[in-house]
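Open your viewer and get ready to select some residues.

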Amino acid sequence: MTQVTFDELRSRLAAVLNAAGLAPEDAELCARIHAESTRDGVVSHGIGRIPRFVDYLNKGWVDPAARLSLVQRLGALEVFDGHFGIGVRHALDATKRAMELASEHGMGLVAVRNTTHWMRGGSYGWHAVERGYAAIMWTNTESCMPAWGAASQSIGNNPLVMAVPAEQGPMVLDMAMSQFSYGKLNSLALAGESLPVDGGFDQAGQLSRDPGAIAESRRLLPAGYWKGSGLAMLLDVMAALLSQGNPTHHIDTLGRGSGGGASQVFLVFDPRKLAGLEACNALVEGLASHLADAVPVDAGRPPRWPGQSTGNRRHADTDSLLDVPDDLWQAVLALPR
């Protein structure tokens with residue numbers, strides 16, 4: 001592992017993205033989001049996505065100048081077209097607009113079509129809860145996982161984000177519909193580690209905990225087997241319906257790389273219009289107390305709520321050193337800046 005500070009990582013990524021064609025403001029924004037993901041422990045969608053993002057920019061699959069344009073406004077629901085612009089920029093702008101609508105109506109829904117990979121979906125859940133909003137967000141993707149009962153890739157893993165604010169630490173769930181993402185498989189394979197539970201099928205069609213074998217077969221296991229498969233399909237159709245955009249099987253035909261042409265939904269609630277932020281605090285405090293009373297399977301690893309460990313990382317000293325895989329750091333150093 002290479003150790004770097006948060007600011008060193010952010011600065012390096014900003015220089016690389018600026019050289020790749022992003023305006024300085026966008027380069028700084030994307031660099032911060034990727035650095036935060038790396039700091040939060042999601043290396044695969046932090047620094048790990050930078051070489052691929054630069055490649056997509058070079059191929060013209062991402063238009064760095066594109067901005068969201070309004071398609072339709074229906075009170076608390078708005079639809080925008082992303083014109084294949086920067087996924088991170090679009091997702092943050094959509095989250096901000098959904099928060100504005102929620103402040104006015106109690107809830108706001110922004111749907112975006114023709115956007116590109118939003119990188120780590122949890123970034124936008126954290127953006128909302130750290131400003132006192134609750135959120136449900138999701139995206140569809142290209143086919144990268146077999147539907148339950150299929151041997152070939154036929155559905156997206158369609159990440160889902162849910163978030164509830166609380167002073168003691170918000171609850172933030174960020175999950176793909178696959179048991180493990182490709183990013184997680186790659187990071188575990190590089191570390192020489194096995195999966196804790198079955199994560200997919202090997203080339204022989206057998207359930208496996210070998211991340212390399214699953215990545216090679218491209219047969220991810222849907223989370224919850226048929227349940228995750230069904231949920232992935234409905235998230236796909238709902239995202240395409242609300243954004244009037246592409247479902248997974250249309251994204252497959254576009255040929256613009258992972259996430260190119262995706263449909264996304266940003267549903268945000270303002271608790272201040274409901275029972276108040278105090279109610280959110282009470283709910284999370286009550287859950288924390290309830291979990292503390294639970295008997296852990298492993299005495300050294302008590303159960304925790306989604307986002308608990310990430311919240312601790314987000315409040316760490318910015319001068320602390322981050323562990324970055326050597327190969328990723330060298331790949332970023334090799335990019336023009």
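## Stop one: helix H3

Select helix H3 and look at what covers its buried residues: helix H1 (6-19), helix H2 (24-39) and helix H12 (326-333) are among the elements that do. Helices here are DSSP runs of H or I with at least four residues, strands are runs of E with at least two, and both are numbered from the N terminus.

Before going on, a word on the model: it is predicted, so local features need pLDDT of at least 70 and side-chain atom pairs count only at pLDDT 80 or more, while totals for chains, interfaces and linings use all residues. Residues are numbered from 1 along each chain as its sequence is written, and side-chain values use heavy atoms, leaving out hydrogens and water.

Now colour Ile50, Phe53, Val54, Tyr56 and Leu57, which are buried in H3 (residues 50-59). Buried means under 20% relative accessible area, exposed over 50%, and partly exposed in between, with a 1.4 Å probe and protein chains only. Turn the view to look down the axis of H3: its buried residues fall within an arc of 160°, so they line one face of the helix. The arc is taken from the directions from the helix axis to the C-beta atoms.

## Stop two: the largest core

Which residues have the most contacts inside the largest nonpolar core? They are Ile47, Met137 and Phe266, in a core of 51 residues. Such a core is a set of buried Ala, Val, Leu, Ile, Met, Phe, Trp, Tyr and Cys residues joined through side-chain atoms within 4.5 Å. Select helix H4 (residues 87-105) next, as this helix gives the most to the core, with eight residues.

Then centre on phenylalanine 266. Leaving aside neighbours within four places in sequence, its contacts include Ala91, Trp118, Ile136 and Met137, where contact means heavy atoms within 4.5 Å.

## Stop three: two positive phi angles

Most residues other than glycine have a negative phi. Now select phenylalanine 84, which has a positive phi of about 60° although it is not a glycine. Phenylalanine 84 sits in the loop between strand E3 (77-81) and H4. Is phenylalanine 84 buried or exposed? Phenylalanine 84 is buried, with a relative accessible area of 17%.

Finish at asparagine 114 in strand E4 (residues 107-115). Asparagine 114 is not a glycine either, yet has a positive phi of about 55°, and is buried with a relative accessible area of 18%.
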